[in-house]
Amino acid sequence: MDRGDDPPERQSRVTLLDVAEAAGVSKSTVSRILDERLPRSESETAKRVRQIAAKLGYLRDVSASSLRRGNTMTIGVIVPRLTDTVMAMLYESFSHACTRSGRFAIVATTGDEPRADRAAAQTLLQRGVDGLVMSTARIGDDFPEELAARGVPCVLALRTDGHTPSSVADDRLGGYLATRHLLDLGHRRIGLIAGPSYASSSAGRTQGYQQAMNEAGIDLDPGRIVESTFGIDSGADAAEVLMRLSPAPTAIFAVNDNTAIGALSALQRLGLSVPRDVSLVGYNDIPIVSRLPTPLTSVRVPFDQIANAALDLLAHGPASEHDRIRVATPTLIPRQSTARV
C-alpha cells in the first residue's frame, strides 16, 4: 500500500483547529477546555467539545504546547538512592502527581553526597527540566540558596534547610508520637537510633524523642542516643551499641524503618525477643514492615501529600512567608513489635 492509500487518520494529526471547526467554536476555546492543567469545566459547550475531540481522535501535543510556553513540563527529582524504599516511594508519589498535572518526573540519585547533588542538578538542568525537587538537603548546606540565586526553581522534600520552599512531614511530632507510645506502655529506658545529624528529618525526630522524655520527667542519657545512617547495617550496629549499656534499654525508637529492621536483626542475633525483651518502633511505615514475622510499629508519613504540596510550591511558589514550609501530619501505626514493659 502506498502513502496515498493510507487511512485518513494516518495521513495527518487531528489539530485544535479541526476540533474547533467541528464544534463551531474558536480554537482558543477548544485549547482552554482541553488543557488538563486548568479546572475542568462541565458546561454544555465543554462537554460537546470533549466529545467531538474524542470522536475525531484528538491527542494533545504536549511537546508543542511546552515549546510555546517556553518549558518542557518535566521536573527533576534528586534523591539519595532508589534502593532506599522511602525514597522509591517518594519518587513514585512525585511521578503520579506529575502525571496528573501533565508533567513528567525524571529522577537522579546521588548517594547522599553533596558534590554529587550539584552534579545531578546541573545535568538535569542541562536537559531542560523546569525545576528541581531535592530530598537530599543538609542542615547548613548553601546549595539551595545557590540555585535560588541562579533563578532555578527549587523545592525541598522530606528534608528542609529551614528557609527554602519545602514540603515535609512534622518530624518532631512523629518522634514525639513514637516515644510517647513507648512511655505509655511503661518503658523508661528508651534507646534512640537517631539517624544522621545532617538531615532535618532525623534531627526533628530526635527533638520529638527528647520532648516526650522531658515531659515524662526522665533525664536524658546521651549514651542512649546513637547516631547512624539511614541504612540497615547501621541500624544493626547502633542496636548492638545500645544493648551493651548497663542497664540496657527496654525499648528502642529508630528514626527510620531501615534502621529498625537492622535493629531487629541485631536483637535476634543477640538472642533477644521483640517485643518480649525489647520493644521496637520504626519510622515511615514502608510496606514491608507490616509483613515482618513480628510486624513493626511505625510512624506513617503521607508521601502523596508531601509530593503534591512540593509540586504546588514549585509551580506557584509560597502564598506567604508562613506558607514557605508546608508540613504534613504523620500517624503512629501500632503493631506487634511494641508491648508493655
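This is a predicted model: local features need pLDDT of at least 70, side-chain atom pairs count only at pLDDT 80 or more; totals for chains, interfaces and linings use all residues.
Residues are numbered from 1 along each chain as its sequence is written, and side-chain values use heavy atoms, without hydrogens and water.

**Valine 79**

I placed valine 79 in strand 1 (residues 74–79), a DSSP run of E with at least two residues. Leaving out residues up to four places away in sequence, I listed its contacts as Met87, Val107, Ala108, Thr109, Thr110, Ser135 and Thr136; contact means heavy atoms within 4.5 Å. I also recorded 8.7 Å between the C-alpha atoms of valine 79 and aspartate 117, which are 38 residues apart along the chain.

**Cores**

I found 66 residues in the largest nonpolar core, with Phe94 and Phe253 touching the most other members. A second, separate core has 14 residues, including Ala108 and Leu156. Such a core joins buried Ala, Val, Leu, Ile, Met, Phe, Trp, Tyr and Cys residues through side-chain atoms within 4.5 Å.

**Cavity**

I searched the whole structure and found one cavity of 30 Å³ or more, a set of points on a 1 Å grid over the protein atoms alone where a 1.4 Å probe fits but cannot get out, its lining residues having an atom within 4 Å of a point. The lining of the largest cavity includes Met87, Arg159 and Phe230.

Terms used: On a 1 Å grid over the protein atoms alone, a cavity is a set of points where a 1.4 Å probe fits but cannot get out, and a pocket is an open set with protein on both sides within 12 Å along at least five of seven lines; lining residues have an atom within 4 Å of a point. Grid points are joined across faces, edges and corners, and a volume is the space filled by probe spheres set on the points. Buried means under 20% relative accessible area, exposed over 50%, partly exposed in between (1.4 Å probe, protein chains only). Helices (H or I, at least four residues) and strands (E, at least two) are DSSP runs, numbered from the N terminus.
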